[in-house]
Amino acid sequence: MFKKLFLAILGIAIATSAVFASPVNKTIITGTQLDDDPTSITGTYGIQDFQNVGFFIKVDETEVGNSISVAVTMHFSYDNTNWVTGYFHDLAGGATLQTSETISGDGWYYCWLNPDWKIPYVRVTLTATNTDTDDLATVTAYLVGTK
């Protein structure tokens, strides 16, 4: 009796551990205003313990005379020192890998990394074009995933 009860509890614990993976939501770039200085911002995060990784990018523009855009790029590293150009998926491209995406307008952008890639560190860079003292882009980047 005790053995059957123990095996049943063990089975439930194993089955639910995969279902209840810990979700993570980290802000890697916090509400930074891009103008004439700085025109870009970078956030780096260690993702070696993640099963799935995605990014939400929020852009809020204040345009007076210029047409502003914000480019999203990524780099990957095995040691947080040496970096290579990173590829990612997004909703518009689907299965097509992207090396960058340009956001032209207020709103949210979502992209994700292939879960089969074993990447210890990711660096997300947001670069504004046509910003100056009164043409501004406020940007925020969130890393989301499960551990």
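At a relative accessibility of 11%, Thr125 counts as buried, because the term applies under 20% relative accessible area, with exposed set at over 50% and partly exposed in between (1.4 Å probe, protein chains only). The model is a predicted one, in which local features need pLDDT of at least 70 and side-chain atom pairs count only at pLDDT 80 or more, while totals for chains, interfaces and linings use all residues. Residues are numbered from 1 along each chain as its sequence is written, and side-chain values use heavy atoms, with hydrogens and water left out.

Thr125 is part of strand S9, residues 121-129; helices (H or I, at least four residues) and strands (E, at least two) are DSSP runs numbered from the N terminus. The side chain of Thr125 makes a polar contact of 3.0 Å with that of Thr42. A polar contact is a pair of N or O atoms within 3.5 Å; within protein, one must be able to donate a hydrogen and the other to accept it, and residues adjacent in sequence count only if both atoms are side-chain atoms. With residues up to four places away in sequence not counted, Thr125 touches Ser40, Ile41, Thr42, Ala71, Val72 and Thr73, contact meaning heavy atoms within 4.5 Å.

The protein contains 1 helix and 10 strands, in the order α-β-β-β-β-β-β-β-β-β-β along the sequence. Of its 147 residues, 34% are buried. Among contacts with a separation of 6 or more, 78% are between residues 24 or more positions apart.

The loop between strand S1 (23-34) and strand S2 (40-46) holds Pro38, and the peptide bond from Asp37 to Pro38 is cis, with omega near 15°. Asp35 is found in the loop between S1 and S2 and is buried, at a relative accessible area of 16%. A polar atom of the Asp35 side chain lies 2.8 Å from the backbone nitrogen of Asp37. Asp35 and Thr131 are separated by 96 residues in sequence, yet their C-alpha atoms are 4.8 Å apart. Neighbours within four places aside, the contacts of Asp35 are Thr131, Asp132, Asp135 and Leu136.

Most residues other than glycine have a negative phi, and most peptide bonds are trans. Asn80, in the loop between strand S4 (69-77) and strand S5 (83-85), has a positive phi of about 65° and is partly exposed at 38% relative accessibility. Asn130, in the loop between S9 and strand S10 (136-146), likewise has a positive phi, of about 70°, and is partly exposed at 41%.

The largest pocket holds about 180 Å³ of space. Of its 13 lining residues, Ile47, Phe50, Pro115, Trp117 and Ile119 are the closest to the centre. On a 1 Å grid over the protein atoms alone, a pocket is an open set of points with protein on both sides within 12 Å along at least five of seven lines, where a 1.4 Å probe fits, and lining residues have an atom within 4 Å of a point. Grid points are joined across faces, edges and corners, and the volume is the space filled by probe spheres set on the points. The lining comprises 8 nonpolar, 4 polar and 1 charged residues (Ala, Val, Leu, Ile, Met, Phe, Trp, Tyr, Cys and Pro count as nonpolar, Asp, Glu, Lys and Arg as charged, and the others, Gly among them, as polar).
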